[in-house]
Amino acid sequence: CSCKPQRYGHRYRQRIGCTAKNKSLPASGLVRGQQGDLFTCTFSPDGKTLVVGGESYVINMYDTMTWALEQKIALPLEIERKKRSGASEIRVVDFSQDGKLMVVGVGTGTVYVYQNCNHEHKTRDSKALPTGKPSWKQLYVLQEHTKRITCFNFISKKILLSGSYDSRAITWDMDTGRAIKKVSPNFQPVNTCAVSSKGLIAIGTMSSPCARPSKNVALTFWNTSMKCIRREWLITYTSDERGNPNSVIYHDVTAVDFSPDGEILAAGLSCALWIFETRSFSRVKKIELSGCTIPSCKFSSSGDYLVFSTTRIDLGWCWDTGKGDRDRDLESPAVWIYCGKDFKKIKYFHGHRRIIMSCGVAPDERTIASVSKNVYAVDQHMDSNVRLWDMQAAKEEHLHDADA
């Protein structure tokens with residue numbers, strides 16, 4: 001990848017949320033119809049629906065052809081809980097590989113499982129995706145977790161893996177709605193999890209400054225039977241004026257994802273993105289992102305591209321720090337596109353003014369969606385929480401520069 005990164009001017013973010021090459025995207029690059037802070041977004045396996053969830057306890061579903069709001073699913077039980085306690089929200093949404101099931105995790109620790117009625121009686125072709133407009137009905141309410149749900153991943157079509165701030169990861173049987181096994185990785189809150197196509201599971205947790213070094217492991221690898229097979233100590237050293245190490249920093253793992261072939265793992269930490277080779281568990285590359293945290297990272301469906309978001313740790317949001325264009329890419333929340341083979345920077349997008357909580361890549365690799373918290377910024381305009389970015393244009397620029 002010998003391409004030069006292209007950036008959007010920060011003064012025109014509201015107008016050019018996407019380029020004009022992808023005609024299906026709205027001209028402003030914004031998706032309307034949501035309220036309050038948003039925490040999760042994901043595309044359905046067929047790419048026809050974008051699902052967004054946040055603090056309103058309503059799952060918004062958008063048609064990716066028109067980007068119009070096509071369906072809303074409310075969670076009445078959570079709405080009643082919020083009226084009583086005044087806390088909690090939709091934290092994560094995910095789909096099964098075949099699109100039959102949709103799982104929703106909330107801040108109270110409850111997991112809601114929905115079934116697509118359009119696929120309920122079509123069991124002859126197990127690989128077929130649902131046809132027609134989806135119609136979702138509630139199948140299970142899972143209540144083993146006691147704190148905020150942070151991540152989901154399907155180990156198979158019938159087994160779900162969930163992680164929570166209660167320091168537990170639980171596997172669920174989707175035929176019965178019962179828990180299969182419970183584990184406590186590092187005995188710390190679980191931030192993220194991922195499952196490879198080869199059956200390898202990666203779970204990222206918070207680090208504990210009070211724990212012994214031998215127990216302070218923020219990244220663990222498991223097999224499908226939930227037996228731990230590998231632990232990774234993700235640490236860095238600080239040095240004094242003479243270059244001698246004087247302290248150790250243990251990093252939280254905030255996001256993980258496997259490449260489609262299962263050979264590569266991308267792990268987002270505070271201040272860096274680490275790339276692992278899963279065969280030998282060796283660290284292939286470390287991408288330095290000074291002062292930033294990585295809330296979300298995703299490989300594209302082909303594995304050719306890696307998409308992740310960054311946000312400053314100390315600022316939360318930053319409009320203009322006066323440091324010029326050179327440092328603005330790390331001063332403001334951004335969505336990045338890297339090559340999935342040699343992990344070189346291709347492009348990055350600006351537009352959000354608050355922490356980017358989640359980003360998703362469409363299966364056709366034409367669109368990136370990202371969501372953030374809400375805020376009135378310096379120009380007194382409300383930040384639109386859902387933004388769309390033209391990945392197709394970035395790919396064409398990358399291929400053109402590579403040929404040149």
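I start with strands S10 and S11 (residues 159-164), which pair in the antiparallel sense over five bridges. Strands here are DSSP runs of E, at least two residues, numbered from the N terminus, and two of them pair if DSSP finds at least two bridges between them. Across this pairing, Phe-154 stands opposite Leu-160 in S11.

A word on the source: this is a predicted model, where local features need pLDDT of at least 70, side-chain atom pairs count only at pLDDT 80 or more, and totals for chains, interfaces and linings use all residues. Residues are numbered from 1 along each chain as its sequence is written, and side-chain values use heavy atoms, with hydrogens and water left out.

Back to the sheet. The order is S10-S11-S12-S13, an open sheet of four strands with antiparallel pairing. S10 (149-154) and S13 (178-183) are the edge strands, each pairing on one side only.

Now the rings. How many aromatic pairs does a search of the whole structure find? Eight. Rings of Phe, Tyr and Trp (its six-membered ring) pair if their centres lie within 6.5 Å; planes under 30 degrees apart count as stacked, over 60 as edge-to-face and the rest as tilted. Phe-308 and Tyr-338 form a tilted pair, 5.3 Å centre to centre with 40° between the planes. Phe-308 lies in strand S25 (residues 305-312) and Tyr-338 in strand S26 (residues 334-339), so the pair ties together parts that are 30 residues apart in sequence.

Phe-308 counts as buried (under 20% relative accessible area, where exposed is over 50% and partly exposed in between; 1.4 Å probe, protein chains only), because its relative accessibility is 0%. Tyr-338 is buried too, at 7%.
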